[in-house]
Amino acid sequence: MKTLSLTQPWAQLIVSGAKKYETRSWTTSYRGPLYIHAAKRFPAYARDYALEVYRNAAVLPDFPLGAIIGRAILKNIYRTEDIVATLSDLERLYGDYTPGRWAWELPEAEMFETPIPYKGSLGLFEVTLLAAGGS
């Protein structure tokens with residue numbers, strides 16, 4: 001199945017259903033199911049962002065790294081400038097909606113109970129090891 005690797009906390013936000021769009025500098029003709037992979041690295045800027053996003057949470061979520069953590073459907077891709085005005089303030093905070101980028105619509109997201117360790121890759125990559133679907 002096609003898989004997309006994201007840095008935490010954005011991977012967690014997608015699979016939890018809090019973030020409906022992933023913004024990218026590139027597009028794809030692919031539409032359909034996607035595994036969501038949490039990248040191995042959790043850079044300082046991303047940790048700072050996570051602290052800001054979850055500042056009102058009693059406990060920070062566990063941020064699995066280097067693992068497939070869930071799945072979603074890549075339903076559609078929009079030019080950011082075409083949809084930014086329709087998004088909630090919170091959704092706009094979760095992505096880079098500057099003109100010239102792409103917003104990948106990812107409905108029907110679900111988080112796996114147990115993350116599946118897996119080495120990620122750039123772009124969309126194929127994962128064939130998860131015959132049971134991971135949940």
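The largest pocket of this predicted model is lined by 13 residues. Those nearest its centre are Thr7, Trp10, Glu22, Arg24 and Tyr45. Two elements give two or more residues to this lining: strand E1, residues 2-6, and strand E2, residues 21-24. The largest share comes from E2, with three residues. As for volume, the pocket holds about 220 Å³. Sorted by class, its lining has five charged, four polar and four nonpolar residues.

I turn now to the second largest pocket, which contains about 150 Å³ of space. Which residues line the second largest pocket? They are Leu4, Ser5, Leu6, Thr7, Arg24, Trp26 and Ala39, together with Gly120, Ser121, Leu122 and Gly123. Here E1 gives the most, with three residues. The classes are five nonpolar, five polar and one charged. Please note that Thr7 and Arg24 line this second pocket, and that both are also among the residues nearest the centre of the largest pocket.

Let us return to strand E2, this time as part of a sheet. In general, the strands of a sheet pair through backbone hydrogen bonds, in either a parallel or an antiparallel manner. In this model, three strands form an open sheet in the order E2-E6-E5, with antiparallel pairing. E2 and strand E5, residues 76-79, are the edge strands, each pairing on one side only. On average, neighbouring strands of this sheet are turned by 30 degrees against each other, direction ignored.

Finally, how many bridges join E5 to strand E6? There are four, between E5 and residues 102-105 of E6. For example, Asn76 has Glu105 in E6 as its bridge partner.

Note on methods: Residues are numbered from 1 along each chain as its sequence is written. This is a predicted model: local features need pLDDT of at least 70, side-chain atom pairs count only at pLDDT 80 or more; totals for chains, interfaces and linings use all residues. Side-chain values use heavy atoms; hydrogens and water are left out. On a 1 Å grid over the protein atoms alone, a cavity is a set of points where a 1.4 Å probe fits but cannot get out, and a pocket is an open set with protein on both sides within 12 Å along at least five of seven lines; lining residues have an atom within 4 Å of a point. Grid points are joined across faces, edges and corners, and a volume is the space filled by probe spheres set on the points. Ala, Val, Leu, Ile, Met, Phe, Trp, Tyr, Cys and Pro count as nonpolar, Asp, Glu, Lys and Arg as charged, and the others, Gly among them, as polar. Two strands pair if DSSP finds at least two bridges between them. Axes are lines fitted to C-alpha atoms, for helices over the stretch in contact, and angles run from 0 to 180 degrees between N-to-C directions.
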